[in-house]
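Thank you for passing this entry along for comment. My remarks are set out below as separate points, to be read with the sequence and the structure at hand.

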Amino acid sequence: MRKELGLAILILVIGCVVAVLQPRFISAVNLYNMANLVGLYGLFSIGQGLVIITAGIELSVGSMFALIGVVFVDMVVNWGWSWPLALAAAIGMGGVFGAIHGFLVARVGIQPFVVTLCALLIYRGAARYYTDDATVGFGYGGDFDTLADFANGQSFGIPNTFLAMVVVALVMWVVLHRSVFGRYLFAVGKNEEAARYSGISTRAVIASAYVICGLLAGLAAVFLAFYTNSIQPSAHGNFYELYAIAAAVLGGCSLRGGEGSILGIILGTVLLQVLQNLVNLLGIPSSLNFAVMGTVILIGVLADQHLQRLRAARQARAVPAGAGPAPAVAGSSPKP
């Protein structure tokens with residue numbers, strides 16, 4: 001919990017500084033918009049975090065948004081599908097993409113970076129071909145109005161995207177921190193070979209992480225489609241995978257695998273949005289958004305390396321002279 005507590009304090013400090021510099025930061029409208037974006041980004045950042053915990057990476061999330069988005073619009077506008085069926089199909093598409101990635105990584109043995117980088121290009125190209133590179137939108141009226149009202153609406157003054165993220169986060173917290181599957185995820189990320197010799201089906205665990213990431217990407221794709229109300233295949237969702245990686249790394253997920261928490265990922269998403277909001281409110285050119293994000297990722301990685309060295313030095317001092325290293329217990333996971 002030390003990482004999460006430190007991150008929460010950092011968010012409060014930055015928030016207070018920004019509020020002093022620009023009082024609009026704590027206005028109801030701005031806080032609502034930030035909560036809406038935190039909910040949207042948090043949905044797919046959780047999935048990205050699970051993949052990173054297994055020492056993997058998912059680079060195709062933004063392209064998934066484009067392809068799933070244009071197909072979803074087609075289903076509800078042109079095919080006449082009811083919104084529950086279209087919603088299920090969109091989430092299912094994400095799950096299928098995740099299953100393909102998981103198969104190629106876990107069964108075929110291709111590096112996650114290569115698999116998801118190729119998927120990024122394939123899905124983006126497929127989305128552009130599907131619409132002939134034209135922008136598509138929902139228009140007005142239709143059976144999907146109920147879903148649109150929910151995706152863009154609020155309950156008790158809180159954006160529904162944020163509430164959806166909270167529900168997903170609670171479910172995934174139980175899965176990651178209170179289930180055998182969650183312990184397997186940490187064990188595989190820490191040492192896949194040791195986990196396999198301990199009797200864990202490492203291939204199934206890794207593939208499952210990609211499937212969950214794909215399912216959450218499919219859900220987020222629907223929310224994002226209604227948020228933008230139109231989809232330009234060449235640009236929709238561009239670089240969103242980097243936002244997810246940044247949020248996960250900021251939240252304590254080590255790119256080496258085996259570390260991370262759901263609460264940390266959510267706090268990382270909040271911090272990222274606070275920083276982006278700071279850039280907008282202080283009049284910093286929006287073109288620097290990516291520079292800010294890159295700097296944040298770099299700082300997060302450097303901090304992770306520093307913490308790893310401190311932890312290794314502490315463990316070395318704790319081991320008595322002449323004693324061997326403490327045996328690793330496969331399947332164990334850090335307490336949330």
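The points move from the whole chain to single residues.

1. Confidence. The model is predicted, and the chain averages a pLDDT of 88, with 93% of the residues scoring at least 70. One stretch calls for separate handling: over residues 329–336 the pLDDT stays under 50, and for this stretch the model has 18 contacts beyond four places in sequence.

2. Overall dimensions. The radius of gyration of the chain is 21 Å, which agrees with the value near 20 Å that a compact globule of 336 residues would have. Taken along the principal axes, the box filled by the C-alpha atoms is roughly 75 × 50 × 35 Å.

3. Secondary structure and contacts. The chain has 13 helices and four strands. Among its contacts with a separation of 6 or more, 79% come from residues 24 or more positions apart.

4. Burial and surface. Of the 336 residues, 49% count as buried. The chain exposes about 15900 Å², and carbon and sulfur atoms supply 67% of that area.

5. Charge. There are 17 positive and 13 negative side chains in the chain, and the centres of these two sets lie 19 Å apart.

6. Asparagine 160. This residue is found in helix H7, which covers residues 160–177. Is asparagine 160 buried or exposed? With a relative accessible area of 4%, asparagine 160 falls under the 20% cut-off and is therefore buried. Its contacts, once neighbours within four places in sequence are left aside, are with Asp149, Phe150, Gly153, Gln154 and Ser155.

7. Phenylalanine 156. The loop between strand E2 (154–155) and strand E3 (158–159) holds phenylalanine 156, whose phi is near 60°, a positive value in a residue other than glycine. Its relative accessible area is 85%, which is over the 50% cut-off, so phenylalanine 156 counts as exposed.

8. Aspartate 133. What is the phi of aspartate 133? It is near 65°, again a positive value in a residue other than glycine. Aspartate 133 is found in the loop between helix H5 (112–130) and strand E1 (136–137). Because its relative accessible area of 37% lies between the 20% and 50% cut-offs, aspartate 133 is classed as partly exposed.

Terms used. Residues are numbered from 1 along each chain as its sequence is written. This is a predicted model: local features need pLDDT of at least 70, side-chain atom pairs count only at pLDDT 80 or more; totals for chains, interfaces and linings use all residues. Side-chain values use heavy atoms; hydrogens and water are left out. pLDDT is the predictor's confidence in each residue, from 0 to 100. Contact means heavy atoms within 4.5 Å. Helices (H or I, at least four residues) and strands (E, at least two) are DSSP runs, numbered from the N terminus. The radius of gyration is taken over C-alpha atoms; the globule rule is 2.2 Å times the number of residues to the power 0.38. Buried means under 20% relative accessible area, exposed over 50%, partly exposed in between (1.4 Å probe, protein chains only). Accessible areas come from the Shrake-Rupley method with a 1.4 Å probe; for residues, only the protein chains shown count as cover. Lys and Arg count as positive and Asp and Glu as negative; His and the chain ends are not counted. The place of a charge is taken as NZ of Lys, CZ of Arg, CG of Asp or CD of Glu.
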